[in-house]
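Here is a short briefing for a first look at a protein model. Please keep the sequence and the 3D view side by side as you read.

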Amino acid sequence: MKLYHPLKIGSLHLPGNLFLAPVAGYTDRVFRSLCVDYGADFTYTELASSEALVRQGEKTFALVKRAQNEARYGIQLFGSSPDVMYRAAGLLVPLSPDVVDINCGCPVPKVTKTGAGSALMQNPANLGKVVEAVVRSSRENLGGVPVTVKIRSGWDSSSINYRECANAAFRAGAAMVCLHPRTRAQGYGGKSDWRQIADLAAALDIPVAGSGDLFTPEDAERMLRETGCGAVMFARGVLGNPFIFNMTRDLLEKGSRETPSYAARFDAAFRQLEMLCADLGEKAACREMRKVFCAYAKALGGMPGAAKLRNALVHAETAADFHAIIESGV
Ligand SMILES: Cc1cc2nc3c(=O)[nH]c(=O)nc-3n(C[C@H](O)[C@H](O)[C@H](O)COP(=O)(O)O)c2cc1C
């Protein structure tokens with residue numbers, strides 16, 4: 001099979017297999033919208049708290065709203081109570097997600113101490129119950145949209161149990177599993193172990209998506225080729241670089257790809273700023289965009305004067321400040 005190909009996740013037919021991973025603080029609907037424009041085949045929201053949703057948290061609902069051009073998207077939930085996850089998934093009806101994803105990878109103590117995120121992997125039986133509850137809620141409330149699950153290798157090096165957790169998710173009705181092959185103890189450090197993705201892709205009867213160290217189109221090509229995974233999910237590699245989807249598709253289909261110019265890069269950043277201003281107002285948008293502009297300056301590497309530029313960007317207060325900084329090159 002060609003490396004770039006359509007993918008079926010349960011009842012959902014996707015045109016291709018280049019996905020945007022959930023990345024808290026970055027993959028808001030404005031950035032997801034850019035990613036769709038630049039060729040993402042499927043996009044996920046960042047993790048949203050099931051507890052906050054059932055308390056009718058306005059902010060949490062805003063976090064998981066669909067972008068205008070997002071023909072298909074997945075909403076990621078976290079939680080450890082099957083009952084709360086069932087109810088939270090049911091509350092997504094007005095947003096009509098195309099997939100509901102369950103976070104079993106978040107390493108942040110605020111999340112894990114509640115038994116959610118990567119802590120679910122310490123209790124595969126409960127993980128299965130959570131997946132079963134969300135699958136049931138999807139069937140009863142959301143027209144049976146597929147439920148996917150994003151896991152790590154395990155909690156730490158002495159408890160590598162991705163296979164057991166993926167099987168529990170599969171038996172409970174999950175339609176796809178994404179594996180980020182680092183343990184919770186590793187956080188985001190060291191190298192992800194892609195052999196585990198290959199192992200799971202060969203073992204499971206549903207598609208396996210791969211995540212971990214996808215910083216360039218060449219990384220994605222290698223992951224697809226070496227592991228046989230069904231899809232790749234870009235995370236840190238897409239920050240400041242939404243072009244990575246089309247670049248990867250070019251590489252996979254034509255055998256080569258171009259690198260966008262600095263000008264094209266900042267055009268995208270300014271589009272993101274404009275859309276975010278419309279969503280949040282200028283003040284809040286500019287605060288969010290400081291780190292985003294820095295990511296654009298950092299992405300694709302080797303920009304002259306990048307450190308100085310980032311220093312100025314983190315103090316920008318208005319859209320005009322961003323324009324002045326980028327136009328003057330400082
Ligand atoms: C800042 C940050 C936020 C993240 N937020 C989420 C999240 O909300 N949900 C999730 O499942 N994974 C989250 N991840 C994990 C990524 O989706 C991805 O699996 C991980 O970064 C490995 O891919 P990479 O090495 O290519 O970045 C996050 C990662 C980072 C660095």
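This is a predicted model: local features need pLDDT of at least 70, side-chain atom pairs count only at pLDDT 80 or more; totals for chains, interfaces and linings use all residues.

Residues are numbered from 1 along each chain as its sequence is written.

**Overall fold**
- The protein has 14 helices and ten strands; these are DSSP runs (helices H or I, at least four residues; strands E, at least two), numbered from the N terminus.
- Its C-alpha atoms fill a box of roughly 55 × 45 × 35 Å along the principal axes.
- Of the 330 residues, 50% are buried, meaning that 20 or more other C-beta atoms, placed from the backbone, lie within 10 Å of the residue's own.

**Helix α1**
- Helix α1 spans residues 29–37 and has eight of its nine residues buried, so it is largely enclosed by the rest of the structure.
- Among the buried ones are Arg-29, Phe-31, Leu-34 and Cys-35.
- The cover over the buried residues includes β3 (18–20), β4 (42–49), α10 (244–254) and α11 (262–280), judged by contacts (C-beta atoms, placed from the backbone, within 7 Å).
- Just after α1, Gly-39 has a positive phi of about 105°.

**Ligand**
- The ligand is surrounded by 21 residues, each with its C-beta atom, placed from the backbone, within 6 Å of it.
- The closest are Ala-21, Pro-22, Leu-47, Ala-235 and Arg-236.

Notes:
A residue is buried if 20 or more other C-beta atoms lie within 10 Å of its own, exposed if 12 or fewer, and partly exposed in between; C-beta atoms are placed from the backbone. Two residues are in contact if their C-beta atoms, placed from the backbone, lie within 7 Å.
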